[in-house]
Amino acid sequence: MNSARHFIRLLALLAIAAAAFFKARSMVVPADFGKLGHFRASAITDAAAREPRHLGSVTCAECHSEISDPWSKGKHSVPQCENCHGPGMLHVKVVSEDSVDAYPDPIKQNKNALRPTTGIRECEWCHLKTFERPSTLKSIKSVGEHITATGGTFTPASKCTDCHNPHTTAVK
C-alpha cells in the first residue's frame, strides 16, 4: 500500500513537471516556430525585409569593369568578389556618400568600407591544404614552402599576390 502512494506521488510530480515544461515552452517558443521547418515561419519575411549586405559580383562589375572583365574569364570567376573583399552594401553606400551611421557593422571603419586584404589570408581560405578540401582544388601546405618550391625567396613580407594576380590567378 505504501508503494502505491509513493508511485502516485511520483506520477503527480511528473505530471506537474510536464505541465510546467509545456507552459514554459509555450511562453518561450514563437507560435509560428516549426510550421515550415525548424525555424520561425515569420523569419522569412523578416529576412526579406532587411537590406541585403551582399550584392554579388554583377553589382561590383558595374563600377569595376577593369577588374571584373579579366576576373570573369579567369579561374577565380567562381568565388564572388565579396568572398575576399567583404559585403559590398556598405562600400556602395560609402562611395555614394550615403550615411552609414545606422549600420553597426565595423567594416564601415575601413577604407572604402571593404575588408582589408592581406594578399595571403584570402588565398589561404581556399588554397591552404587541409584534410577536408577536395583534392581537385590547387592547394599548398604553406606559403613559405610554395615560394621556396617555385624558386622564390620567402620573407615575412611575402604575399601570394607578389606572384599571382588574385583576380585571374595568372602568374605575373
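This is a predicted model: local features need pLDDT of at least 70, side-chain atom pairs count only at pLDDT 80 or more; totals for chains, interfaces and linings use all residues.

Residues are numbered from 1 along each chain as its sequence is written, and side-chain values use heavy atoms, with hydrogens and water left out.

**Cores**

Select Met89, Leu90, Val100, Tyr103, Ile107 and Ala113: these six residues form the largest nonpolar core. A nonpolar core is a set of buried Ala, Val, Leu, Ile, Met, Phe, Trp, Tyr and Cys residues joined through side-chain atoms within 4.5 Å. Buried means under 20% relative accessible area, exposed over 50%, and partly exposed in between, with a 1.4 Å probe and protein chains only. Another core, of five residues, lies apart from that one and includes Ile120, Ile140, Val143 and Cys160.

Return to Ala113. With neighbours within four places in sequence set aside, Ala113 is in contact (heavy atoms within 4.5 Å) with Pro87, Leu90, His91, Val94, Ile107 and Lys108.

**Surface patch**

Next, select Phe7, Leu10, Leu11 and Leu14, which make a nonpolar surface patch of about 400 Å². Patch residues have over 30% relative accessible area and no salt bridge; like charges are joined within 9 Å, nonpolar side chains (Val, Leu, Ile, Met, Phe, Trp, Tyr) within 5 Å. The areas come from the Shrake-Rupley method with a 1.4 Å probe, and for residues only the protein chains shown count as cover. Phe7 sits in helix H1, residues 2-28. Helices (H or I, at least four residues) and strands (E, at least two) are DSSP runs, numbered from the N terminus.

**Salt bridges**

How many salt bridges does the rule give? The count is four, a salt bridge being a side-chain nitrogen of Lys or Arg within 4 Å of a carboxyl oxygen of Asp or Glu.

Select Lys93 and Glu51, a bridge whose closest N and O atoms are 3.3 Å apart. Lys93 lies in helix H6 and Glu51 in the loop between helix H2 (42-49) and helix H3 (57-63), so the pair ties together parts 42 residues apart in sequence. Lys93 is buried at 16% relative accessibility, whereas Glu51 is partly exposed at 40%.

Move to Arg53 and Asp105, bridged with closest N and O atoms 2.0 Å apart. This pair links the loop between H2 and H3, where Arg53 is, to the loop between H6 and H7, where Asp105 is, 52 residues apart. Arg53 is partly exposed at 37%; Asp105 is buried at 17%.

Then take Glu122 and Arg121, with closest N and O atoms 3.1 Å apart in their salt bridge. Arg121 belongs to helix H7 and is partly exposed at 32%, while Glu122 is buried at 8%.

**A loop residue**

Select Ser139, in the loop between helix H7 (121-127) and helix H8 (143-149). Ser139 is partly exposed, at 30% relative accessible area.

**Cysteines**

Finally, select the cysteines. The structure holds zero disulfides, a disulfide being a pair of cysteine sulfur atoms within 2.5 Å. The Cys60 sulfur is 4.0 Å from that of Cys81, its closest, which is too far for a bond. For Cys163, the nearest cysteine sulfur is that of Cys160, 8.7 Å away.
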